[in-house]
Structures are given as structure tokens and as C-alpha cells.
Amino acid sequence: MPVEHGKKHTFVWQKPGSGRNGDAPSAAVFCGEILPELIMALGYMPKRLFPSVSCPDLSPATLPPFSCTTAKSYVSMLLQGKMDDVELFAFSDTCDTMIALHSIFQSRGKKTIRLASPRSISIAASRHYLLAEIQRIAAIPEMRFSEEVFRRAASLYARQRQLLKALTEFRDRMPQEVFFEIGRYTWTVHPEEACAVLEDLVKELSTSPRRQGFRVLLLGSCVLGPGLFQLLDRLKLVVAGDNMCDSQRIHPGWPAAHLSDIAALTYERKPCPCKHGGGAAACLDRLLASCSPDGVIIHTQKFCDPHSWDLTRVKQQLARLGVSYLHLETSGEVSEQHRLRLESFCELLEARRQHSGGR
Ligand code: SF4
Ligand code: SF4
């Protein structure tokens, strides 16, 4: 489905879940903690599954009402048969909700694997545990693990990550809605296809001017659609950096040559509340220094415990550093109330700018 985004950028957007995947059956991946090169080496085409608000909520019969929208969305998609073409569902033990989701998918007769990853990857000893888990999954006989496919996939995904890093450096030159869509697109298509698109975009953006507006750093959990990014574009808030669950938390690294490299790459991910002792706050100083934002927007989903716990820590740190921030809690999408709060935030940033003499 081609989508026109402003005058300069035209991007061919494919619905997540579609796209070329050769002959390999699809495997849905729920969190970036499971690296796609592992899934590809098991004989599947990995596609990150994103929550969506586009299907009715069918979850009440299966989930308690105080579940996050991400979980409700996955269960609704499952019950609606929207994932019937997916052959394998790859879970990792990210949060209690995800562990419960694994059971639900299993009880519905879906083929699953569950990476029982360490609850915290902040301690050195957990690396051995994670590697043992990855090796266990690679050794499951029906998974057809291939060293050769693994090395090829690792090299392709390493290239993709480098290009995404380059694109991220230019993200303040494009509409945020487009960046959001590109992010989702690259998680769901074959890396060769993603690399070709990314190469063109990086080339085009390298000569484009930066967009004018207040620069913001985005933190938090998945959003369920482009609404937040469309709103940021309308209010001329330019995202200068992020650390969100649906962006690429993985750092561009070297191509993995061995399974142990996958464990090492996992440990290089940007800190997230589920897996790092210090939560997202652990890399806040570094993130702020890398993108010099005027303010920070923190997005959390209702009933998401990991991000709610992290929130206090992040707010305290921002207050200590004197950085303006806005916390938005959503059920996945933004509302009129969120728009009003974002407008007030813009006014606050403007007042601060004037107070500091326009700097
Ligand atoms: S907080 Fe971390 S582990 Fe949990 S869904 Fe987000 S990236 Fe995955
Ligand atoms: S990290 Fe939060 S939003 Fe994501 S599945 Fe767990 S509880 Fe839900």
C-alpha cells in the first residue's frame, strides 16, 4: 500500500505481517529480545508482531480487564483468526503478562517456543543462563537449526541494524509518522528487502534539512498505531531520539558468528524496564547527551506494571537534571485529552526557551 508522506518523502508501506519471506513459514516474535537471526536459523521468517487497535477487543473472556492493551490486542487478533497464517509464535519471558500470553497461545493449539530468558540481565552470571537457553532452543529437533543459515542471517541483520542506526541519526529530517512506519516495516520483512529500502532512505535524507521545532526524547512502551507520531508532527515536536519497546532497542553490532554472540548482542540492548535492574533510567544520561532534547515524553500503557514501576525512577532522574517532561498514559492510542496536554507541554517548552534567552 503506497502512502504519500508530505512532498519530499514517499514510502512504500507494507502492512506488518505481509512482505516477502521466501519459502519459509512465518514466525511471530513478541519482543525484540528474541533476535531474528536465531528464528531464521530455525527455518522460519521472523516477523515482529505489533499490537494494534484496529480489531475489536475480544479479550474479556480470556484476560482480566486490568490487562495492558498490548495483551488484549494480541489475544483479540488470535481469537479473530488474524494470525492463522503464522506457524510459530516465539515468546520470551519479558514480563508476567507475556508468560501468561504464552500459555494462552499454547492452549489454543498454537506451536510456540518460549525463551526463558533471565528475569534480569544486569548481572554477569545471567549471561550463561541466557546462552544455555538459546542453545536449548537451537537444539529442539523439529526446529531444524542450521549454522549456515544462521551466519547468513546474522550478516544481513547486522547490516540492517547499521542502516537503521544511520537512519535514526536523520530521523529529525522526516515526519515522525514515517519513521514509525519504517520501524515496523523493517521488523516484518526479509532483511534484504529492508536493507534496500533503508539504503535509499538514508541516501535521500542525508541531503535533507532538519525539521524545525522542539526536540523531544521519547521513552516507554509500545504505542498501538501512528496516532501519537501524527500528533507530534502536527505540533512540530521533532523526535530526536527514543528508547521505546517498539523501536529498535538493539545496538548495531558485529554479525554474530556463534550463538554466544546472540547472547552478547542481547546484553547490548538499550536498557528496558523488564530486563535491566536500573530500568530505562540506566541510560538516560547517555540518551540525553546524544540527542540534546528540549524535553522528554514518556509513554506508558495502562496496566503495564514494568513501565509504571520504571516511571518513578525516570521522573526523579529528569527532575534532578532539570529536564522538562510529560508523561502520557494511553490505552495504546492518543485522545483529545492527550492532544491538549501535549499542547500545554509545547507552551511550557516555549516559556523555558524564552526564559533562557531563546537558546
Ligand atoms: S520492556 Fe523490554 S522486555 Fe518488556 S516488552 Fe519492552 S523491550 Fe521487551
Ligand atoms: S511490558 Fe507492559 S505493555 Fe508490554 S506486554 Fe508487558 S505489561 Fe504489557
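**Close-up views of the predicted model**

**View 1. An open sheet of four strands, E4-E3-E5-E6.** Four strands make up this open sheet, ordered E4-E3-E5-E6, and the pairing is parallel. Helices (H or I, at least four residues) and strands (E, at least two) are DSSP runs, numbered from the N terminus. Two strands pair if DSSP finds at least two bridges between them. Strand E4 (45-48) and strand E6 (112-115) are the edge strands, and each pairs on one side only. From one strand to the next, the twist averages 25°. Strand E3 (residues 26-29) and strand E5 (residues 86-92) run parallel and are joined by four bridges. Ser26 has Val86 as its bridge partner in E5.

This is a predicted model: local features need pLDDT of at least 70, side-chain atom pairs count only at pLDDT 80 or more, and totals for chains, interfaces and linings use all residues. Residues are numbered from 1 along each chain as its sequence is written, while chains are lettered from A and ligands numbered from 1 in the order in which they are written.

**View 2. A second open sheet, E8-E7-E9-E10.** Four strands are ordered E8-E7-E9-E10 in this open sheet, again with parallel pairing. Strand E8 (237-244) and E10 stand at the edges with a single partner strand each, so one side of each has no neighbour in the sheet. The twist from one strand to the next averages 25°. Strand E7 (residues 214-220) runs parallel to E9, with five bridges between them. Leu219 stands opposite Ile298 in E9.

**View 3. Strands E9 and E10 with helix H11.** Strand E9 (residues 295-301) and strand E10 (residues 324-330) run parallel, joined by seven bridges. The chain passes from E9 through H11 to E10 in a right-handed β-α-β crossover. Right-handed means that, with the strands pointing away from the viewer, the path from the first strand over the helix to the second runs clockwise. Val296 has Tyr325 as its bridge partner in E10. H11 lies across E7, E9 and E10, at about 165° to E9. Axes are lines fitted to C-alpha atoms, for helices over the stretch in contact, and angles run from 0 to 180 degrees between N-to-C directions.

**View 4. The shell around ligand 2.** Among the 13 residues around ligand 2, Cys68, Thr70, Cys95, Thr97 and Cys304 come nearest. A residue is near a molecule or strand if its C-beta atom, placed from the backbone, lies within 6 Å of it. Helix H2 (69-79), helix H3 (96-107) and helix H11 (305-321) are the elements that give two or more residues to this shell. H11 gives the most, with three residues. By class, the shell has seven nonpolar, five polar and one charged residues. Ala, Val, Leu, Ile, Met, Phe, Trp, Tyr, Cys and Pro count as nonpolar, Asp, Glu, Lys and Arg as charged, and the others, Gly among them, as polar.

**View 5. The shell around ligand 1.** Cys31, Gly32, Glu33, Thr94, Cys95, Cys245, Arg249, Cys272, Pro273, Cys274, Lys275 and Pro306 surround ligand 1. This shell has seven nonpolar, two polar and three charged residues.

**View 6. Helix H2 against helix H3.** The axes of H2 and H3 cross at roughly 10° and come within 11 Å. That angle makes H2 roughly parallel to H3. Angles under 35 degrees count as roughly parallel, over 145 as roughly antiparallel, 65 to 115 as roughly perpendicular and the rest as oblique. H2 makes the contact through Ala71, Tyr74, Val75 and Leu78, and H3 through Thr97, Leu101, Ile104 and Phe105. Two residues are in contact if their C-beta atoms, placed from the backbone, lie within 7 Å. By class, this contact has seven nonpolar, one polar and no charged residues.
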